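The questions below ask how the labels given to parts of this model are reached. Each answer sets a value against the criterion behind the label.

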Amino acid sequence: MIKSVLLISRQAPWAGLGAAEALDIALAAGAFDLPLSILFMDDGVLQLLDKQQPQTLEQKDLSANLQALPLFGIEQLYVAQHCLAQRGLDHRTLAVAAEVLDDSQIQQLIRQYDYVMTL
Amino acid sequence: MTTLHILNASPVHASQLNSCLRVLSVEDAVVLCGEAVQALRIGSEAAKQLQACDRAYRLYALEEDVCARAIDLADLPVTLLDYPAFVALCVEYARVNSWT
């Protein structure tokens with residue numbers, strides 16, 4: 001039986017490899033038709049910002065990987081409301097559409113998946 | 001369908017504890033290991049956060065990490081674990097969320 005995975009991505013795109021690796025895992029899972037969703041939490045919500053210029057830090061641009069998620073069958077993206085609020089962000093300005101969830105909705109979300117991975 | 005949440009980072013430097021307590025479900029469990037056991041220190045802000053959580057959860061900590069750090073335990077219903085007990089817990093819960 002195929003198991004479902006919730007990937008919780010908590011790292012900023014400029015703060016090491018965690019953000020990029022989470023997206024790689026998601027794309028790989030999608031390529032093998034594994035049911036996977038991503039929840040962006042904590043500094044991970046910063047991955048969704050529009051108009052980033054990672055090349056100024058000589059880092060890879062992750063926005064192409066994010067845009068590719070639907071092509072790989074990863075349709076469901078979630079973002080934690082309190083993490084957006086803490087950082088002064090509005091979900092309407094994000095580069096990628098993600099469903100905004102409050103704490104109790106995230107509690108329910110986690111219970112719906114067979115596996116949870118946090119990066 | 002409960003979840004075992006494993007925390008390993010200092011509650012002062014990392015947002016693991018904060019975020020975990022927000023998304024913890026009733027009946028879930030939290031295991032503190034490594035520097036995360038600092039959250040058990042009596043009088044610490046993290047210990048107060050653990051005490052203030054409004055959902056019923058089980059709290060565990062790795063005994064050797066607690067002993068190594070000379071932690072005076074706060075008044076919390078914590079169960080101390082050795083490694084075999086830790087492994088048994090991981091098997092017992094429906095899913096394991098290892099916060100990094």
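Q: Why is Asp33(A) counted as exposed?
A: In this predicted model, Asp33(A) has 10 C-beta neighbours inside 10 Å; a residue is called exposed if 12 or fewer other C-beta atoms lie within that distance, so Asp33(A) counts as exposed. Asp33(A) is found in the loop between H1 and E2 of chain A.

Q: What makes the backbone of Asp33(A) worth a remark, given that it is not a glycine?
A: Its phi is positive, at about 60°. Most residues other than glycine have a negative phi.

Q: Why is H1(B) described as largely enclosed by the rest of the structure?
A: A residue is buried if 20 or more other C-beta atoms lie within 10 Å of its own, and six of the eight residues of H1(B) are buried, so the helix is largely enclosed by the rest of the structure. The buried residues are Gln16(B), Leu17(B), Ser19(B), Cys20(B), Leu21(B) and Val23(B).

Q: What do the buried residues of H1(B) pack against?
A: Within chain B they pack against strand E1 (3-7), strand E2 (29-32) and helix H2 (45-52), and from chain A they meet helix H4 (103-111).

Q: How many residues does each chain bring to the contact between chain A and chain B?
A: Chain B brings 12 residues and chain A brings 13 residues. On the side of chain B that touches chain A, the elements that give two or more residues are helix H1 (16-23) and strand E5 (95-98) of chain B. By class, that side of chain B holds seven polar, three nonpolar and two charged residues.

Q: What is the order of helices and strands in chain B?
A: Chain B has four helices and five strands, and from the N terminus on they run β-α-β-α-β-α-β-α-β.

Q: What makes E4 and E5 of chain B edge strands?
A: Chain B has an open sheet of five strands in the order E4-E3-E2-E1-E5, with parallel pairing. Strand E4 (78-81) and E5 of chain B each have a single partner strand, so one side of each is left without a neighbour in the sheet. From one strand to the next the twist averages 25°.

Q: How do you know that E1(B) and E2(B) are paired?
A: Pairing requires at least two bridges, and E1(B) and E2(B) are joined in the parallel sense over four bridges. Leu7(B) stands opposite Leu32(B) in E2(B).

Q: What joins strand E3 of chain B to E4(B), and what is the handedness of the crossover between them?
A: Four bridges join strand E3 (residues 58-62) of chain B to E4(B), and the two run parallel; Tyr60(B) stands opposite Thr79(B) in E4(B). The chain passes from E3(B) through helix H3 (residues 63-68) of chain B to E4(B), and this β-α-β crossover is right-handed.

Q: Why do E4 and E5 of chain A stand at the edges of their sheet?
A: The open sheet of chain A has five strands in the order E4-E3-E2-E1-E5, with parallel pairing. Strand E4 (99-101) and strand E5 (115-118) of chain A each have a single partner strand, so one side of each is left without a neighbour in the sheet.

Technical notes. Residues numbered from 1 in each chain as written. Chains lettered and ligands numbered in written order. Predicted model: local features only at pLDDT ≥ 70, side-chain atom pairs only at ≥ 80, totals over all residues. Contact = placed C-beta atoms within 7 Å. Nonpolar A, V, L, I, M, F, W, Y, C, P; charged D, E, K, R; others polar. Axes fitted to C-alpha atoms, helices over the stretch in contact; angles between N-to-C directions. Right-handed = clockwise from strand over helix to strand, strands pointing away.
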